[in-house]
Amino acid sequence: KAKAAGKARYALFDTSLHTEVADRLRLEGELRHAIDDGRLSVAYQPVFDLRGGAAGPGGAPRLAGFEALVRWQHPVDGSISPGAFLPIAEEAGLMVRLTDFVLHCACRQLREWQLRGPAFAALTMNVNLSGHDIAHPALVARVMRALMEAEVRPDRLCLELTENILMSRLEGALPALKELRRLGVVLAIDDFGTGYSSLSHLSTLPIDGLKIDRSFVSRLEAGSNEAAVVRSIVLLGSSLGKDVVAEGIETEQQLRQLQDMGCAFGQGYLLSRPLKPADVPRLLQGSEAVAAPPPSDAGAVP
Ligand code: C2E
Ligand code: MG
Ligand code: MG
Ligand code: MG
């Protein structure tokens, strides 16, 4: 009897495993087609300057730019989160094409929004890179092609690399990252604080900014350990001349605390959810945008 039960359990396991594998293969095929047919989309989460502009500290956050976040609206399964389908894309070798799709969409959108008025010319766009991208031999050419096609200045594009991706591929990626930076492209470490980059590295890495991971921001409370960590990252960033962005700001209190700490930039549901492109013009209309006008033409697209 025990044997029979064991066999039944095994059979059950076998079936569910089989379904899982079949599901996965189906999704992989569908994802491949979605990328080929340009059926993915991109949402744009606004990034704000928390320093309050002319109003000074305590003034309202001003729109500074956007982060591009890929979206997959599956015809049957509904919207699938990047957390669920990016690992499939990685394993199926689809990441480079996915990134190119996002890069091109994001640059074209940025250009369109910049052209809506002189106040919007300095808006920036952040795009997330995967490990495959930073190891890709044509990374620099791919990025520059997207910029030139859209006629976006390199210094208006920021590429985000997570700490783990950066540290695990650093040696191979270093020449390309340096070249991108030399061309004016901005580089930032994403999810900072969750990975294992050593502080000694930070001063020598070719990066311009740090994004403080949401997990620290969500546990910000006056006097908490997280508050001490965030305060230290803000100080560290500014003393190294890096732009510091806080991710995942959800409450007024978190926002005020970050402003008190001198954190220059922030994004999060409190300020704005990721938006469909069609919803961005309304945001532009309503915003007392934006950053200062560009200092010079250095880095302009030829
Ligand atoms: P990330 O780059 O750290 O992006 C921030 C994530 O936090 C986004 O989730 C965003 O929607 C979410 N978020 C923003 N504000 C808040 C908030 O106040 N509260 C909470 N709870 N969440 C907030 P999303 O879009 O699901 O993306 C998840 C991750 O997937 C991203 O984390 C990024 O690592 C990756 N990803 C997204 N789009 C792309 C892409 O185009 N290429 C690559 N390589 N990775 C991407
Ligand atoms: Mg990011
Ligand atoms: Mg992030
Ligand atoms: Mg994050």
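The structure is a predicted model, in which local features need pLDDT of at least 70 and side-chain atom pairs count only at pLDDT 80 or more, whereas totals for chains, interfaces and linings use all residues. Residues are numbered from 1 along each chain as its sequence is written, chains are lettered from A and ligands numbered from 1 in the order in which they are written, and side-chain values use heavy atoms, with hydrogens and water left out.

We begin with the metals. Glu-67 and Asp-190 are both buried, where buried means under 20% relative accessible area, exposed means over 50%, and partly exposed lies in between (1.4 Å probe, protein chains only).

The magnesium ion (ligand 3) lies 3.5 Å from the magnesium ion (ligand 2), and Asp-190 coordinates both. The protein donors of ligand 3 are Asp-190 (OD), Asp-191 (OD) and Glu-247 (OE), at 1.5 to 2.7 Å from the ion, and they follow the spacing D-D-x55-E. Because Asp-190 lies in strand 6 and Glu-247 in the loop between strand 8 (243-246) and helix 10 (252-261), the pair ties together parts that are 57 residues apart in sequence.

Some of these residues also meet ligand 1. Of the 23 residues around ligand 1, those that come nearest are Glu-67, Arg-71, Asp-190, Glu-250 and Tyr-269, a residue being near if one of its heavy atoms lies within 4 Å of the molecule or strand in question. An oxygen atom of ligand 1 is 2.8 Å from an N or O atom in the side chain of Arg-71, and the corresponding distance is 2.9 Å for Asp-190 and 3.1 Å for Asp-191. Arg-273 lies over the face of Tyr-269, at 3.7 Å from the ring centre (the criterion is NZ of Lys or CZ of Arg within 6 Å of the ring centre and within 35 degrees of the ring normal).

We turn now to the aromatic rings. A search of the whole structure finds three aromatic pairs; rings of Phe, Tyr and Trp (its six-membered ring) pair if their centres lie within 6.5 Å, and planes under 30 degrees apart count as stacked, over 60 as edge-to-face and the rest as tilted. Tyr-44 and Trp-113 form an edge-to-face pair, 5.1 Å centre to centre with 90 degrees between the planes. Tyr-44 lies in strand 1 (residues 41-49) and Trp-113 in helix 3 (residues 95-114), so this pair ties together parts that are 69 residues apart in sequence. The rings of Phe-66 and Trp-113 have centres 4.9 Å apart and planes at 45 degrees, so that pair is tilted.

Key. Helices (H or I, at least four residues) and strands (E, at least two) are DSSP runs, numbered from the N terminus. A polar contact is a pair of N or O atoms within 3.5 Å; within protein, one must be able to donate a hydrogen and the other to accept it, and residues adjacent in sequence count only if both atoms are side-chain atoms. Donors are N, O and S atoms within 2.8 Å of the metal (3.2 Å for Na, K and Ca); water is not among the atoms, so sites may look incomplete.
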